[in-house]
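This report describes selected surface and electrostatic features of a protein chain. The sequence and structure are shown first, and the description follows.

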Amino acid sequence: MAYGQTGTGKTYTLGRLGDEDTSARGIMVRAMEDILANISPETDSISVSFLQLYMESIQDLLNPANDNISIVEDQKTGDVSLPGATVCEIRDQQSFIQLLRLGEAHRIAANTKLNTESSRSHALLMVHVKKSVVDRDEFCLEAQNCSIGNLRPPILRKGKLIVVDLAGSEHIHKSGSEGHMLEEAKSINLSLSALGKCINALAENSPHVPVRDSKLTRLLKDSFGGTSRTSLVVTIGPSPRHRAETASTIMFGQRAMKVENMLKIKEEFDYKSLAKRLEMEIDKLMTENERQLKVYENEIERIRLEAQKRVAEAEGNYVEALEEEKTKCQMDYMESIKRLEEKWTINQQKHAINAEINNGAGNEKVAELKRLLQDEVCLRKAAEDEIQKIKNQLYRFSKMELAGRNSDGFSIHQVLEEESCQKKKLEEEVRVLRSLLAQISIEAHQFRSYPDGSNSANPLLGLDSLEPLNQMRSRDCNNGERASITNLHEQDVGYGFLSYHYHFRLSSCFCIHLPLDITVGLQKILSLLQSEDANVRTHAVKVVANLAAEEGNQEKIVEAGGLTSLLMLLRTYDDETIHRIAAGAIANLAMNEANQELIMAQGGICQLAMTATDAEDPQTLRMVAGAIANLCGNDKLQMRLRSEGGMKALLGMVRCRHPDVLSQVARGIANFAKCESRASSQVTGSRHGRSLLIDDGALPWIVQNANSEASLIRRHVELALCHLAQHEVNAKDMISRGALWELVRISRDCSRADIRALARRTLTSSSTFQSELRRLRIEV
């Protein structure tokens, strides 16, 4: 039965035929499909009546001429029937749908303000089912006794399904009913009111239920408090305007839920004869059970003996297999030891050869430097001679032109003074060159001490930084050959500029370690970074890079705009050499924490990231990775490093598998992880999410290189793993990616005692790691 306000979907829920969309079929169609699926057409029958209750008159929808059907009630059983209603036999679903379509066409409906097709009557679909049923329990018992003649005749089971589509309750002022429609509304509300009274009486267990107040309640007498199973569909509208009707409908449903129907079985059984038959069956089953139990025990004993025999055979085979495996493992172990010893001998020979080569290269560098120093001394003496000649010529020239050219004489006198100053500077440079020779000798000694190149100094410092010296010297000599001092004297004003330019280029070659006036010389060097000459630009940036290697020069370089100029070089020029040297200079400046913030403020990290993306040279990538790695050590810059693409660029440089590049990448990751570990241990400002490195996908590469053959890469990666593991939220990701095994290996086999202790402390302090280690039965 469907109950609710008019226009809320009662007919849609119960009576839809689903012609266009089978999924929109109503309950009537679906119920008939279920009934037809569970009967046998040969022995069972289905009959249907379709009625409507219109203004307290029962009308036949299958035969409209039959418009006043009376209700007949059996005095003994209390069953209600409609003898005058048309009853149609149903054999398939299609015939049932045709009957429903015929009945819906005869049902009375009207257009109201609440519904364009408002049902003005209560529709009742009555389905009668007769089904032949065999007593299954008795059939089973008699079949086992092979006494088929004792079966009782089939039982005829009758059932009745009533589907009621109630007309909707309505308020007159909302539906706009008037005239005949008003009388229809009164009749509908009267029958629904009678139904509500019956529900209330049944819910309150009242001794009197007023079922005779309406024909609707008389027809549904069995459905409330009778022997049927009743389902109530309550429909409501979503509009706030109908809040009162919605509340009333829900309260009706709540009261209906309190009604209890009692199902009754109307069959009688001979319990004495049934008990006797059951006792006989029990005795038979007990005898059969004892026989089967004995057979089962014999089978169990046989299986147990066979299993013991198989276990003994398996143990013997297992012992033999273990012995063979043990022998094989011992042979493999001895073979591995032998191969490792041979490999170690070969490596020792290679190291000895490399040491000899490196020592020879260091001696050649020192000899080259001495030769260059001697050449520069000769050049200085030649310059002094030229200056003396110029002085003599100027002195003679000044006497000849003294009368008419006093102003020119004064200018020449100034030039002479400047040349005198240049001479003093040249003498100072010669003195510094001698100190440079001593320093290079010390470096050569250090180079012999570390033939494998593992120097703790900055990567830009070394004998390679002296290469510009030879190039600048050769260029100066060539310039000297092309333009003699005499020609310069004849060009008057051009003399002073060219002479000064020669001095600057000469002195700039040796500013690696010069304690000169940095505020004057540095501005000249930085101005040459804008030169159109690529060679001048390259040598100038090399000088700045070497100056930046000295910690005392870094502040002055930044104050003079050196950092801005270096970033400009990265943005402006595509020269790989310029990029490599400029990135190295920025890496030197990035070792200072104050400079790190300036680099970030001037967009340095974005420029470094772009340089890393475009570069293919391993040395350029090493310089860029070193600069970013230095920035990764600053706690304040972590989020900006990631947002501006610094971490993405650092991780992207692993595409170059050069060990030097990978070591710088590993150092940057270790610095970043250390800062994250430090932040997570602080109460204020700590991140509660997992590591940014894990979010960026760095963990697989870290795990892969945790046991790298290169000691620098391995040490930095081991530190990164330890720092990542200190944050508990990273533990699950590290376990799933295999990092736990590497941590255990580090805690046992790492060559550095401090890293071993850190890994052990991390494993023991994490509850997640401890739980996983207990599960795997691993002891730290």
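Predicted model: local features only at pLDDT ≥ 70, side-chain atom pairs only at ≥ 80, totals over all residues.

## A nonpolar surface patch

L340 counts as exposed because its relative accessibility is 54%, above the 50% cut-off for that class. L340 belongs to helix α9, which covers residues 271-400. Together with Y333, M334 and I337, L340 makes a nonpolar surface patch of about 430 Å².

The salt bridges number 24. One of them joins the side chains of R107 and D165, with an N to O distance of 2.7 Å. R107 is located in the loop between α3 (93-106) and β7 (109-110), and D165 in strand β10 (residues 155-165), so this pair ties together parts 58 residues apart in sequence. Both R107 and D165 are buried.

A salt bridge also connects R745 with E718, at 3.6 Å from N to O. This pair links distant parts of the chain, R745 being in helix α29 (residues 739-749) and E718 in helix α27 (residues 711-725), 27 residues apart. R745 and E718 are both buried.

Salt bridges with shared partners also join E299, R302, E306 and R310 into one network.

D635 and R678 form a salt bridge in which the closest N and O atoms are 2.6 Å apart. D635 lies in the loop between α21 (618-632) and α22 (638-643), while R678 lies in helix α24 (residues 659-681), so the pair ties together parts that are 43 residues apart in sequence. D635 counts as partly exposed at 37% relative accessibility, and R678 is partly exposed with a relative accessible area of 33%.

Key:
Residues numbered from 1 in each chain as written. Heavy atoms only, no water. Patch = residues over 30% accessible without salt bridge, like charges linked within 9 Å, V, L, I, M, F, W, Y side chains within 5 Å. Areas by Shrake-Rupley, 256 points an atom, 1.4 Å probe, with all protein chains shown as cover. Salt bridge = Lys/Arg side-chain N within 4 Å of Asp/Glu carboxyl O. Helix = DSSP H or I, 4+ residues; strand = E, 2+ residues; numbered from the N terminus. Buried < 20%, exposed > 50% of the residue type's maximum accessible area, 1.4 Å probe, protein only.
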